[in-house]
Amino acid sequence: MASTFTSRIRLEKQADGENPNSWGTILNANVIDMLDDALAAYTTVSCSSANITLSENNGTTDQSRSAVLEFVGTVSSNIDITMPTVSKFYIINDQTVRQSSSTITLKTGSGTGMTVEASMAGFAFCDSVSVYGLNAKGL
């Protein structure tokens, strides 16, 4: 039986007896380091006028596993940032420059999204379908 990955933050689950003499290396890189990213990594996402889909990779770093997402760049039109369809909390830090009243919407591929207010920092929650802001003033 081969390794599998967890569904939300993609941690490697090694099969019994798999990877003799390298099990600890895989545990450290594909579980402990990835868990560290999910709890505390700070990832910068460059934004412009194009929609963005956050990366999600098994066994290596990616954008959507990170706890904190900072948005930077000049946003010249309304854009969507698409997150994986799994439940997860994010801390959002918007440092973009907005032109022409452009907006950033966090969403999944199928659910409703939330608008990230310019220059705001706060929390977002994805319930595996929709994305919600968790602040008194939105996000």
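R65 forms a salt bridge with D62, with 3.5 Å between the closest N and O atoms; a salt bridge is a side-chain nitrogen of Lys or Arg within 4 Å of a carboxyl oxygen of Asp or Glu. The model is predicted, and local features need pLDDT of at least 70, side-chain atom pairs count only at pLDDT 80 or more, and totals for chains, interfaces and linings use all residues. Residues are numbered from 1 along each chain as its sequence is written, and side-chain values use heavy atoms, with hydrogens and water left out.

Both R65 and D62 are buried, where buried means under 20% relative accessible area, exposed means over 50%, and partly exposed lies in between (1.4 Å probe, protein chains only). The structure holds three salt bridges. R10 also forms a salt bridge with D62, the closest N and O atoms being 2.6 Å apart. R10 lies in the loop between β1 (4-5) and β2 (12-13), and D62 in the loop between β4 (52-53) and β5 (68-72), so this pair ties together parts that are 52 residues apart in sequence. R10 counts as buried because its relative accessibility is 5%, and D62 counts as buried because its value is 9%. R98 forms a salt bridge with D94, and here the closest N and O atoms are 3.2 Å apart. D94 is buried, with a relative accessible area of 0%.

The chain contains one helix and 13 strands; helices (H or I, at least four residues) and strands (E, at least two) are DSSP runs, numbered from the N terminus. From the N terminus on, the order of elements is β-β-α-β-β-β-β-β-β-β-β-β-β-β. Five strands form an open sheet in the order β3-β5-β8-β12-β13, with mixed pairing; two strands pair if DSSP finds at least two bridges between them. β3 (42-46) and β13 stand at the edges, each with a single partner strand, so one side of each is left without a neighbour in the sheet. From one strand to the next, the twist averages 30 degrees; axes are lines fitted to C-alpha atoms, for helices over the stretch in contact, and angles run from 0 to 180 degrees between N-to-C directions.

Within this sheet, strand β8 (residues 87-94) runs antiparallel to β12 and is joined to β12 by seven bridges. F89 stands opposite F125 in β12. On β13 (residues 131-133), three bridges provide the link to β12, and these two strands also run antiparallel. The bridge partner of A124 in β13 is G133. β12 and β13 form a hairpin with three residues between them, and S128 in the turn has a positive phi of about 85 degrees.

A nonpolar patch on the surface is formed by F89, I91, F123, Y132 and L134, with about 480 Å² of accessible area together. Patches are made of residues with over 30% relative accessible area and no salt bridge, like charges being joined within 9 Å and nonpolar side chains (Val, Leu, Ile, Met, Phe, Trp, Tyr) within 5 Å. Accessible areas come from the Shrake-Rupley method with a 1.4 Å probe, and for residues only the protein chains shown count as cover. F123 is placed in strand β12 (residues 121-127) and counts as partly exposed because its relative accessibility is 41%.

E117 is placed in the loop between β11 (114-116) and β12. At 36% relative accessibility, E117 counts as partly exposed. E117 and A15 are 102 residues apart in sequence and, C-alpha to C-alpha, 44 Å apart in space.

For the chain as a whole, the C-alpha atoms fill a box of roughly 55 × 25 × 25 Å, taken along the principal axes. The accessible surface comes to about 7200 Å², of which 52% belongs to carbon and sulfur atoms. Of the 139 residues in the chain, 40% are buried. Among contacts with a separation of 6 or more, 53% are accounted for by residues 24 or more positions apart, a contact being heavy atoms within 4.5 Å.
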